[in-house]
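Please examine the structure shown here.

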Amino acid sequence: VEIVSTAGAEADRELARTAAASGRYDAIVAAGGDGTLRALAAGLVGSPVALGLVPLGTGNVMATELGLHRHAARLADGLLTAPARGVKPGLANGAPFMLMASAGVDARILARLDLGVKRRIGQLAYVPPTLAELGRRLDSFPVTLDGRETQCTWVIVSRVRFYGGRFVVAPDQRLGDDGFHAVLVRTTSRLGLARVLLAAAAGRLASCPLVEIRPCRTARIGGDVPVQVDGEEAGRAPLDIALGTETVRLIVP
């Protein structure tokens with residue numbers, strides 16, 4: 001076992017690629033959050049080396065998706081004995097991601113987020129920027145799903161069921177599916193956005209009349225709006241989303 005500190009997305013991607021090419025390791029384990037997992041996965045696309053996860057992040061969406069044990073001994077046992085399964089990542093402007101890409105409300109919340117406060121208090125750090133977002137006007141932007149364009153004020157294109165921890169936003173999506181589910185929010189009112197957020201918190205987003213959930217194989221987020229990928233800021237649209245052709249071998253209990 002060799003323990004190495006992470007050093008940012010580009011360095012972590014190269015670290016995983018170099019470690020896999022060395023032939024010295026049976027697996028690489030991301031001890032961190034969803035952003036750390038994404039960076040290491042990007043370096044292991046197409047590699048036979050397995051990728052595991054010790055969830056130490058804030059949201060830990062992938063850990064929830066995989067049903068990882070929170071008990072340390074059981075988690076370790078799973079990393080040692082569970083099979084590695086080939087999972088196709090999504091591609092956002094060609095860059096691999098494992099969970100979701102989105103634009104609008106959540107990307108603006110991330111832009112307001114104080115990362116120092118997040119490290120100290122975790123998910124409570126999202127409360128002030130979320131309240132600030134509820135106080136602004138919502139602007140529409142174009143989203144094209146499988147060649148069909150629509151307008152929305154918030155979109156999440158997801159490879160998984162969960163979002164932001166344990167919120168179910170795409171109940172019919174599975175990690176191994178050959179595609180995505182797009183969550184489309186079209187309300188332009190602050191009251192409508194509050195209704196959507198409350199529905200998500202209550203686990204009833206799929207039944208909210210202000211939300212449409214649509215399967216898709218490709219997506220394009222247009223306009224000039226902030227975007228986020230796997231819980232981290234990713235600049236601004238346009239963002240082209242597709243499914244990768246090569247896999248990451250993810251350790252799945």
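**The cavity and the sheet**

Thirteen residues, written as 13 in the count, line the largest cavity, and Leu68, Leu75, Gly78, Leu79 and Pro253 are those nearest its centre. A cavity is a set of points on a 1 Å grid over the protein atoms alone where a 1.4 Å probe fits but cannot get out, and lining residues have an atom within 4 Å of a point. The model is predicted, with pLDDT of at least 70 required for local features and 80 or more for side-chain atom pairs, while totals for chains, interfaces and linings use all residues. Residues are numbered from 1 along each chain as its sequence is written, and side-chain values rest on heavy atoms, without hydrogens and water.

Strand S2 (50-55) and helix H4 (72-81) are the elements that give two or more residues to this lining, and H4 gives the most, with four. Helices (H or I, at least four residues) and strands (E, at least two) are DSSP runs, numbered from the N terminus.

Elsewhere in the description comes an open sheet of six strands, ordered S13-S12-S9-S6-S15-S16 with antiparallel pairing; two strands pair if DSSP finds at least two bridges between them. Strands S13 (211-216) and S16 (232-236) are at the edges with a single partner strand each, so one side of each has no neighbour in the sheet.

Within this sheet, S6 (residues 100-103) and S15 (residues 226-229) pair in the antiparallel sense over three bridges. Ser102 stands opposite Gln228 in S15.

Conventions
1 Å grid on protein atoms, 1.4 Å probe; cavity = no way out; pocket = protein on both sides within 12 Å on 5 of 7 lines; lining within 4 Å.
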